[in-house]
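Reader: I would like to learn how to read the features of a model with care, taking them one at a time. Could we begin with a single residue and then widen the view?

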Amino acid sequence: MNRITTVLLGVLFLASCSKDADNVINVELEGKWTLTNASCFCAFGPNTDFSVHKITFEGSTLIVNNSGEPQFLSNAAGSYTVEGNLITLSNGTQFRYVINGDTMTMTFVDNPGIADDELVLAYSKG
């Protein structure tokens, strides 16, 4: 009788799990992020509004919204993978990320054979 009860409770527990989180790759990435700063060998004016660039990690999909200049990750929308703190985007581009509270810093994994391809993007959640 105890085995039957245990099996039934196990089945009920598994059936009650939410399907919403099944496709979430990384819970701490999940949600909307607004660019607050970018560091690269690029020319930005003194009044550059980085907040026109937003990304959303939704399940296993990255949504990129560039509503003005500058534009980042414009060809990276789509599926992504995470291994440790390494994000690999649908176009093969990789970033190492660090999250501290509501701030995320993404550092482009650059090619050592190419000079001046460094890129660091700082985002705020929300």
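**Reading burial, strands and ring pairs**

Author: Thr34 counts as buried, because its relative accessibility is 14% and the cut-off for buried is under 20%. Please keep in mind throughout that this is a predicted model.

Reader: In which element is Thr34 found, and which residues does Thr34 touch beyond those up to four places away in sequence?

Author: Thr34 is found in strand S1. Setting aside residues up to four places away in sequence, Thr34 touches Ser51, His53 and Lys54, and also Ala122, Tyr123, Ser124 and Gly126.

Reader: How should I read the pairing of strands, and in which sense do S3 and S4 pair?

Author: A general idea to hold in mind is that the side chains of a regular strand alternate between the two faces of the sheet. In this structure, S3 and S4 pair in the antiparallel sense over two bridges, and the bridge partner of Leu62 in S4 is Gly78. S4 also pairs with strand S5 (residues 86-89), in the antiparallel sense and over four bridges, with Tyr80 standing opposite Leu89 in S5.

Reader: Which residue takes a positive phi in the hairpin of S4 and S5?

Author: That residue is Gly84, with a positive phi near 65°, in a hairpin that has two residues between the strands.

Reader: How is a pair of aromatic rings described, and how many aromatic pairs does the structure hold?

Author: Such a pair is described by the distance of the ring centres and the angle of the planes. The structure holds four aromatic pairs. One of them joins Phe44 and Phe72, whose centres are 6.3 Å apart with 55° between the planes, and this pair is tilted. The pair links distant parts of the chain, since Phe44 lies in the loop between strand S1 (31-40) and strand S2 (53-58), while Phe72 lies in the loop between strand S3 (61-66) and strand S4 (78-83), 28 residues apart.

Reader: Are Phe44 and Phe72 buried or partly exposed?

Author: Phe44 counts as partly exposed because its relative accessibility is 29%, whereas Phe72, at 8% relative accessibility, counts as buried. For contrast in geometry, consider the rings of Phe57 and Tyr80, whose centres are 5.0 Å apart and whose planes stand at 70°, so that this pair is edge-to-face. Because Phe57 lies in strand S2 and Tyr80 in strand S4, the pair ties together parts that are 23 residues apart in sequence. Both Phe57 and Tyr80 are buried.

Reader: Which residues do ring pairs link into a cluster?

Author: The cluster consists of Phe44, Phe50 and Phe72, linked by ring pairs.

Reader: Where does Asn26 lie, and with which residues is Asn26 in contact when neighbours within four places in sequence are left aside?

Author: Asn26 lies in the loop between helix H1 (2-16) and S1, and Asn26 counts as buried because its relative accessible area is 14%. Apart from neighbours within four places in sequence, Asn26 is in contact with Tyr80, Val82 and Tyr97. Asn26 and Phe57 are 31 residues apart in sequence, with a C-alpha to C-alpha distance of 8.8 Å.

Notes
Residues numbered from 1 in each chain as written. Predicted model: local features only at pLDDT ≥ 70, side-chain atom pairs only at ≥ 80, totals over all residues. Heavy atoms only, no water. Phe/Tyr/Trp six-rings, centres within 6.5 Å; stacked < 30°, edge-to-face > 60°. Buried < 20%, exposed > 50% of the residue type's maximum accessible area, 1.4 Å probe, protein only. Contact = heavy atoms within 4.5 Å. Pairing = 2+ DSSP bridges.
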